[in-house]
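Dear colleague,

Please find the sequence and the structure below. A summary of the findings follows.

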Amino acid sequence: MFTAETWPIGANMLSFGSTTPDGTPTVEASAAVWAAQLRQVKELGVDQIDPTDAWLPLAKLSDERIEEFRRVLDGEGMTLSSISMTRNSVVDVRHGEQNLADALRFLEIAPSFGVGVVNTGFMQAITPIQQEAIWFWLADGHVDDPALRDLAVERVRALGDAARDQGIELSLEMYEDTYVGTADEAVAFLEDVDHASVGLNPDLGNLVRLHREIEPVTDMFEKVLPHANFWHIKNYTRDYDPATGAYATAPMPLKYGYVNYRAVIRRALELGYTGPFCCEHYGSDSLGVVAENVHYIRQVLASALA
């Protein structure tokens, strides 16, 4: 059982992007570049990261470069809390089979980094219209095809088998308009997968930020937290004007947004949550906010576990 100090809580590396300032893909960058970026996290008092494949896709690295990355982590005094796949659905009509192979590779290498959970989901690449929006979630994106749902269940079950064989778990990230796009859909999909090594990532921040009607957040958490084994955690403001039908949302630190995470985290613990946290934030000094969120979660855990 973790303590507040030992609970795995990682910083998501999305803020560094998938390329270096000179345009070099991070996956091809030198170890010195990786180290410099990790050092920025460490300087904020955070010693764990989630190397999302939107930053450094470990599944694309050779065995030699995997070992190089491991040496960089050790040299900076850092470890991995989890590993996340981002926008690489295993039922993408063009890249699904490759994404499945990458997911299997992640599951294969995760234990060697002490990682107990690999996160994936069904979200797909941001569209050109989303790229032009102030916030990408304000424009409609990919919508999962109901005709591929059975294939999605089959492939997730196969990933569950691979996770079980490695002694770890797979987590499915909740995201709008996917097979796990609402609390009820997420629970139903998980029930259809019916695998002890597969759980949910209750990333309800993905839904809170939407400019559309959503189910009350506390109701959603009550449905999904019993199935949670990993958690992308972030917060937003959320406002609605019934006179005009207009919504307004914006990213906020965990402590100040729409969701009362002090209450929600305590409730998760009551329901038996023992998985890692991965802190995310968009806009502003996202890395600085992520660090604040890591420390906030540790304080909430210290209070709840006392």
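The protein chain carries 23 positive and 45 negative side chains, with the centres of the two sets 4 Å apart. Lys and Arg count as positive and Asp and Glu as negative, leaving out His and the chain ends; each charge is placed at NZ of Lys, CZ of Arg, CG of Asp or CD of Glu.

This is a predicted model, in which local features need pLDDT of at least 70 and side-chain atom pairs pLDDT 80 or more, while totals for chains, interfaces and linings use all residues. Residues are numbered from 1 along each chain as its sequence is written, and side-chain values use heavy atoms, without hydrogens and water.

Of the 306 residues, 53% are buried, meaning under 20% relative accessible area with a 1.4 Å probe, protein chains only.

The chain has 10 helices and 11 strands (DSSP runs, H or I of at least four residues and E of at least two, numbered from the N terminus). An open sheet holds four strands with parallel pairing, in the order β4-β5-β6-β7; strands pair if DSSP finds at least two bridges between them. β4 (83-84) and β7 (198-201) are at the edges with a single partner strand each, so one side of each has no neighbour in the sheet. Four bridges connect β5 (residues 117-120) with β6 (residues 169-173), and Val117 is opposite Glu169 in β6.

Notes
Buried means under 20% relative accessible area, exposed over 50%, partly exposed in between (1.4 Å probe, protein chains only).
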